[in-house]
2 protein chains.
Amino acid sequence: MRTLSVDLDERSYPIHIGSGLLSDQERITSCLDNRRAVLITDDTVATHYLQPLAKNWGIPSADQLVLPAGETNKNLATLSSIFDFLLEKKCDRKTILIALGGGVVGDMVGFAAACYQRGIEFIQVPTTLLAQVDSSVGGKTGINHPAGKNMIGAFHQPKAVFIDTDTLTTLPPREISAGLAEVIKYGLISDAELLAWLEDNLERLQGLEADALAHAIERSCATKAAVVSSDETEQGRRAILNLGHTFGHAVETATGYQSWLHGEAVGLGMRMALNLSATVHALPADQIKRVNNLLDRAGLPARLPPASSPDELLKLIYADKKTDAGTLTFITLDTIGNAVINRDITDEQVLQVIRQFL
Amino acid sequence: MRTLSVDLDERSYPIHIGSGLLSDQERITSCLDNRRAVLITDDTVATHYLQPLAKNWGIPSADQLVLPAGETNKNLATLSSIFDFLLEKKCDRKTILIALGGGVVGDMVGFAAACYQRGIEFIQVPTTLLAQVDSSVGGKTGINHPAGKNMIGAFHQPKAVFIDTDTLTTLPPREISAGLAEVIKYGLISDAELLAWLEDNLERLQGLEADALAHAIERSCATKAAVVSSDETEQGRRAILNLGHTFGHAVETATGYQSWLHGEAVGLGMRMALNLSATVHALPADQIKRVNNLLDRAGLPARLPPASSPDELLKLIYADKKTDAGTLTFITLDTIGNAVINRDITDEQVLQVIRQFL
């Protein structure tokens, strides 16, 4: 078992990473410290992990809530059902929420914790690779709105994160690919060594070798933690974590959050960001090719959805919250391992990149 | 014009208090600093102040939103309509919300600002005495749930507060009384001098004399600011601000937030807290009588609603978020000007007080 600390002053918290963590009674007992815990998950994850986890961690069935799975349910109605449940069960300000599941569950439960009685504590137990390397760190919580992803939310740090790599064994291969997109992202934005390691070890990750997974997850979380610690509420440098996300969010919104996984959209978004980097920083073609090869091996998409409209995508990019007072912000690379924040990209440059991926 | 500073490190902000502030273009211009502002109010306040304020402060009609007035509309549906508006108008993270109105508007707009794109800035322009002396300071924002008041919310500090005492001229006398309840509260919990001043000057406040109002508002805000600065997220001492609120919230919930104003419920709640103080601290009868006289002169209720059930009220008190892991917390006085936090009040003591006000 490895433990990584996310350093945010009084909001600092540990991330525990390892195989078999969900059976570790002692660690959770010391974390809960005799307080009441409510376990919230979705109906997909529930079939695999709800009963064993609730038993190991001693959570009675009256304190378990199962939400409908899927990004389309990450909305105000589901959030409201969490509040209804907590109030019906008379949960008070000392109650701790446990979010068991992927990014959707983590984002919603974290946001519910941020708002319930103006803020209670929560523990994240991410069960997808993407959630393990992405939403475990940073405290971003929230829900979607028909007009855009994560438009309503809060910064709320968890009390602790438990990452059991065994949970990845029940994950569909497409979701592993989606998680790999974010791992690759950390290599691209600030860890060229991780990128080289991924080129050598991608198949070990796809084969779910516990050691390799723990290494990739720890390295990814550490990179994210370093960036987040320096800029908790995304005023500046933290924006580099959005490499591929500006394009990616537009694709997700255009497809109604249904046909594409978030990591898949980010995977394509990173390819688009690389082409944009070729324009604005003359990023060499061989570097772009190297990354595209890795994304191909990870099984990530290389084309926009059929019948995409460049103008519509541009409009969605403007509607995204990463526009700052009407100015688009794009993350690009001047070389592998170094991200740059760009605020002077023209509409024509964006449209040109979109057309390259039609 | 007086300016008070609420000292919360990087979240510090000024409260401007005076007559004619809503016409002061220079002050708001410097506060907005060329950023886009969206003005949100309710349909009662709109008839008096929306047009003049929007004109003076230069806010186009496309950036004005009018909500339905009243505590019954302080809910998830109205909050959701604010998000819809902001997204439809393509407001970004630099947009500043202006909350023009009473506590309901302030709480909801503040909470919308706390959650919109994970947090944007807002300016409070409270137009009721209660909002001026209460919600201006402390950063508590939120909405009600059928199961209880302010159950969903966030701590989110405003960028600035503009209190124009002239707005009180259009306020019904009942609302002035409700605001006086909170002013009296500050005297009771930590400012015996203010309480004595109120005994001498209550009629000047009821007559809306600008100087007297500015003095009472400034003194109230200063007391609240001192308490809040020492305990921003209500872990400890801040709880004293809840004098009268534990009983008061139960009354408001029992009556569906419709027939009683918040300040009226707090006024009665303070009388109840004084009787409880007689039991637990032997607070002298003459002190209780002195306060009851002042509350009478302020026009605040002295009896529970007809047909109140003590058992039901006790249940509502337990459902309130001020119960801490199943323990009731009550604020009492050991003398006028000094509040005590009590966590060992028995159900029987609470029921006994309730019965005294049937």
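## A walk through the two-chain model

In chain A, 31 residues of domain 1 are in contact with 32 residues of domain 2, where contact means that the C-beta atoms of two residues, placed from the backbone, lie within 7 Å. This is a predicted model, so local features need pLDDT of at least 70 and side-chain atom pairs count only at pLDDT 80 or more, while totals for chains, interfaces and linings use all residues. Residues are numbered from 1 along each chain as its sequence is written, and chains are lettered from A and ligands numbered from 1 in the order in which they are written.

Let's stay with those domains. Domain 1 of chain A covers 2-170 and domain 2 covers 173-356; such bounds come from an automatic or database domain assignment. Taken over C-alpha atoms, their centres are 25 Å apart. On the side of domain 1 that touches domain 2, the elements giving two or more residues are β1 (2-6), β2 (13-18), α5 (129-133) and β8 (148-155) of chain A. Helices (H or I, at least four residues) and strands (E, at least two) are DSSP runs, numbered from the N terminus.

Now for the meeting of the two chains. Here 29 residues of chain A are in contact with 29 residues of chain B. On chain A's side, two or more residues come from each of α3 (76-88), α4 (103-115), β7 (140-145) and β8. β8(A) gives the largest share, 6 residues.

Over in chain B, strands β1 (residues 2-6) and β2 (residues 13-18) pair in the antiparallel sense over 5 bridges; to count as a pair, two strands need at least two DSSP bridges between them. V6(B) has Y13(B) in β2(B) as its bridge partner. The two strands form a hairpin with 6 residues between them, and D9(B) in the turn has a positive phi of about 50°.

Last stop: helix α12 of chain B, residues 310-319. Its buried residues are L313(B), L316(B) and I317(B). Buried means 20 or more other C-beta atoms within 10 Å of a residue's own, exposed means 12 or fewer, and partly exposed is in between, with C-beta atoms placed from the backbone. Because these residues cover an arc of only 105° around the axis, they sit on the same side of α12(B); the arc is that of the directions from the helix axis to the C-beta atoms. What covers them includes α9 (245-254) and α13 (347-356) of chain B.
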